[in-house]
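Dear colleague,

Please find below the structure that I am handing over to you. My findings follow it, and I would be grateful if you could read them alongside the sequence.

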Amino acid sequence: MNQTLRYIGKKLLWTIPILLGITLLAFALGLIARGDPAVNRASADPDYIPTEEEIQALREELGLDDPVLIQYGRWLGGVLRGDLGRSLIDDKPVLDELLRLLPNTLLLSVLALAVIAAAGLLGGICLSLFRDSFLDVAGRVVLVFLMSVPGFCMAYFMIWLFAQKLRVLPTSGADGPENFIMPCLAVAIGSACVVIRLLRSSILGEMGKNYVLTAQAKGLRRGQIILRHVLRNALTPSVTYAANAFGGLLGGSMITESVFSIPGIGSYALTAISKRDYTAIQGYVLFTGFAFVLVCLLADLICAWLNPKIRLGG
Amino acid sequence: MKKKRVMFILALAVLLAFLFVGVAADLIAPWDPNAVDMANSLAGPSRAHWLGTDHLGRDLLSRLIYGSRSSVFIAFFATGCTLLVGMTIGLVSGWLGGWPDQLIQSVVNIFQGIPSTAFVVAVLGLLGPGMRSLLIAIVVSSWAGFSRIVRNQVLEVREQHYIEGARAMGAGGLYIVRRHILPNILLPLLVLIATRIGSTVLTVAAMSYLGLGLRAPASDWGIMINDAKLYYIRYFPVLLAPAACLTLFCLSINLIADYLRDRLDHDDGAARML
Amino acid sequence: MELCIQDLCVNFSTPSGTIPAVNHVSLTVSSQQVTGIIGETGSGKSVLGLSILGLLQSNAAVSGRILLDGRELTGLSQRELCAVRGREIALVAQNPATSLNPGVRVGRQIEEVFRLAGESRAESRKHTLELLEQLAFSQPERVARAYPFELSGGMCQRALTAIAVAARPRWIIADEPTKGLDAVVRNQVYDTFRMVREHYHVGFLVITHDLLLARKFCDRIVVMYCGRVLETNTARELFEHPRHPYTRGLIASLPHLGMKPMAGFAPAFTDQPAGCVFHPRCPHAREICRREAPGTVYCGEGSVCCHGFD
């Protein structure tokens with residue numbers, strides 16, 4: 001137990017410099033941005049041309065004349081207090097806006113993750129259980145094909161089929177649960193196929209190990225052996241992949257959100273880009289970066305729970 | 001295994017075909033991809049337009065052909081640049097070891113801490129759309145993963161006894177890297193390059209679709225899908241054609257990567273026997 | 001109680017050809033005696049052991065019959081075999097460190113056998129601790145909570161033995177129980193097996209290349225080479241009066257008997273010599289040995305398969 005706590009503590013400590021590094025990176029991205037934030041903000045109203053003095057005043061207000069390091073320090077201080085700055089366009093706090101839009105993105109990503117996990121487990125176990133049968137061979141051909149269809153192409157096929165031809169699901173919006181069925185499936189199918197293939201091959205790899213022989217000699221049946229003995233050891237690569245896919249869903253949601261017109265953090269980032277709202281872009285990068293690092297941390301902890309050797313440092 | 005080999009050769013042929021079509025687009029394409037013909041918009045297949053036309057009456061087939069030029073070429077070029085940056089850093093990091101390795105790996109960790117799509121979008125948003133920005137965005141967001149894998153491979157190979165042997169015989173660092181380490185990480189590297197080309201094509205298409213990558217009137221699969229989203233209900237091939245090209249390209253990449261991966265670990269699925 | 005193997009052949013089909021791992025082996029072993037199967041690595045002895053349990057890979061073709069007290073095991077379905085495995089015939093697999101599941105606590109792995117036999121969770125827990133104590137673990141609770149990589153090779157070996165005896169089988173097949181263990185731990189294995197034998201009255205089939213263990217622990221010994229049985233005899237007779245030249249060579253190579261190495265190498269399975277399989281290495285090889293495979297000759301309590309004893 002002690003060693004387990006120590007492992008978790010070590011992992012938590014390690015994420016701190018990474019999170020700090022991400023703030024540095026996000027800040028640097030803002031710095032190298034083309035254009036002058038002060039000019040951009042002052043000219044938010046297209047009908048009004050700001051004077052040189054007005055821009056200079058804004059410049060001072062935003063602290064753009066200070067040395068870079070001080071600007072970073074001030075910005076980081078804000079970040080630590082939960083202040084990602086205010087939008088250069090509408091002056092709303094970036095974090096509030098992100099948190100307001102997060103539920104839609106999060107719901108979409110969590111649903112998709114659930115589909116990936118469920119399909120991955122079920123498919124991976126079934127295919128390895130019926131190895132080399134017709135199901136396995138045919139299934140693998142379908143998987144390789146499905147995982148090659150890009151998510152947004154899949155999305156349009158689904159809209160065409162379910163919304164236009166069969167008329168069973170709505171095309172866009174985020175009003176009810178039925179709005180999330182297609183987006184979630186469209187992004188989940190590809191990753192689910194990858195997980196199924198990954199799990200199948202790692203289960204079959206584990207099946208060749210010596211401890212399986214011991215389990216067989218106990219009188220356990222194939223299914224029992226896979227569920228009770230092999231699965232736990234075979235899950236690690238799939239968990240890591242699924243965590244990456246989840247992070248990808250959180251940080252890549254703008255494509256799905258734009259196809260299905262769902263208001264989420266991805267569409268917020270797209271709007272920010274179209275309006276050159278650098279503070280918002282910076283905040284978005286920071287936000288998804290933090291979320292991704294935490295998801296990966298969680299995946300690491302799950303892997304450590306599955307593999308005592310990692311957590312006990314054997 | 002034999003079946004896999006056939007699939008591999010087929011996939012390679014498809015990939016080369018895309019490359020060839022891209023190179024020879026000027027010679028092959030029956031129409032100018034930007035020749036507007038409003039009288040003939042969204043027309044079905046005919047002798048003049050084999051796949052029909054889009055909403056501006058432009059020839060679909062010609063746009064696809066020019067699209068494979070931009071999509072495939074940016075993908076190959078961007079992957080090449082990523083490879084160069086990532087591999088150099090990975091080799092240096094793995095070969096030096098010690099604190100330089102630790103330092104480089106911390107930087108790698110930070111770059112990997114941001115989801116790649118978010119990263120690409122942000123860089124594109126900050127630099128503005130266009131071919132050059134797209135290249136920079138892809139390299140900046142994906143060199144880290146590349147270098148990490150190369151570095152791990154180098155570390156693995158470095159521990160092998162034959163490296164020690166070569167050292168004992170007085171071989172210098174660069175010599176060992178060139179003669180022993182590079183050849184041994186070549187196959188895993190090929191798998192990595194293949195999958196990376198696939199994901200880069202997807203990124204390019206997705207960014208062009210969002211209007212952040214290439215811009216109209218350039219002919220690109222992502223732009224074609226973006227153009228099609230208002231018109232595919234009237235004429236489905238405007239959407240299907242670029243989507244099918246993307247899928248076919250990714251499929252062949254996946255098959256190639258699968259085959260190389262099988263070659264990599266012969267014992268995949270082969271269990272205990274005696 | 002008898003385990004009877006009749007004319008058993010096991011062929012593995014591999015991309016590089018068919019491998020005859022076990023070649024027309026006929027044996028009868030009684031649970032009254034501890035039987036040892038000895039031979040070099042690759043003599044097919046492990047395959048013979050696994051074929052009794054029906055645990056060979058799917059690329060193995062098995063012909064011949066294996067009878068457990070007159071019941072044929074070779075014709076049983078996988079489901080019926082699962083009832084035989086563990087309950088009637090148990091296995092102590094080779095490589096103790098890798099033969100335990102690395103991700104499951106040792107106690108859970110032993111409990112599982114009791115649970116399979118229909119015991120409640122509490123009962124099986126209690127029995128597991130008792131069994132561990134009986135197998136000379138000084139801190140049964142600690143061992144039950146440990147993961148395999150936290151135990152030494154010898155402890156893993158005993159844990160494996162615990163898994164094997166947990167369901168009170170009538171037979172235990174021990175596959176290379178001393179492989180990779182040092183001398184002290186080898187003695188522990190011997191003591192453990194002795195105790196199990198006396199306490200549980202199980203029939204033992206010990207597959208080993210450890211001649212010293214075979215001599216100490218076994219009553220009867222079967223010598224295998226290239227998938228064939230070359231000689232059988234009581235342990236004492238075999239070690240004092242080895243008949244087959246191969247057996248004589250094996251015994252002469254023992255450290256305290258001069259450590260004389262045997263000439264030559266065992267042939268590859270895909271490329272076996274005609275006639276007697278041992279003739280290329282045999283110091284007494286004659287013309288007939290190169291042409292004809294010898295038949296089995298029975299004399300006294302043993303048998304030998306050599307042209308020198310026709």
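In what order do the 4 strands of the open sheet in chain C stand? The model is a predicted one, and in it the order is β2-β1-β4-β5, with antiparallel pairing. At the edges of this sheet are β2 (17-30) and β5 (71-72) of chain C; each has a single partner strand, so one side of each is left without a neighbour in the sheet.

Strand β1 of chain C, residues 2-14, is paired with β2(C) over 10 bridges in the antiparallel sense. Within β2(C), V22(C) is the bridge partner of V10(C). Helix α1 of chain C (residues 45-52) lies across β1, β2 and β4 (60-68) of that chain and runs at about 70° to β2(C).

I turn now to chains A and B. Their contact takes 44 residues from chain A and 36 residues from chain B. On the chain B side, the elements giving two or more residues are α4 (98-112), α5 (116-127), α9 (186-210) and α11 (237-264). The residues of that side comprise 25 nonpolar, 9 polar and 2 charged.

The crossing is left-handed. Helix α14(A) contributes Y278(A), I281(A), Y284(A), V285(A) and T288(A) to the contact, while α5(B) contributes A118(B), A122(B), G125(B) and L126(B). Of these residues, 7 are nonpolar, 2 are polar and none is charged.

Yours sincerely

Key
Residues numbered from 1 in each chain as written. Chains lettered and ligands numbered in written order. Predicted model: local features only at pLDDT ≥ 70, side-chain atom pairs only at ≥ 80, totals over all residues. Pairing = 2+ DSSP bridges. Contact = placed C-beta atoms within 7 Å. Axes fitted to C-alpha atoms, helices over the stretch in contact; angles between N-to-C directions. Nonpolar A, V, L, I, M, F, W, Y, C, P; charged D, E, K, R; others polar. Left-handed = near helix turned anticlockwise from the far one by under 90°.
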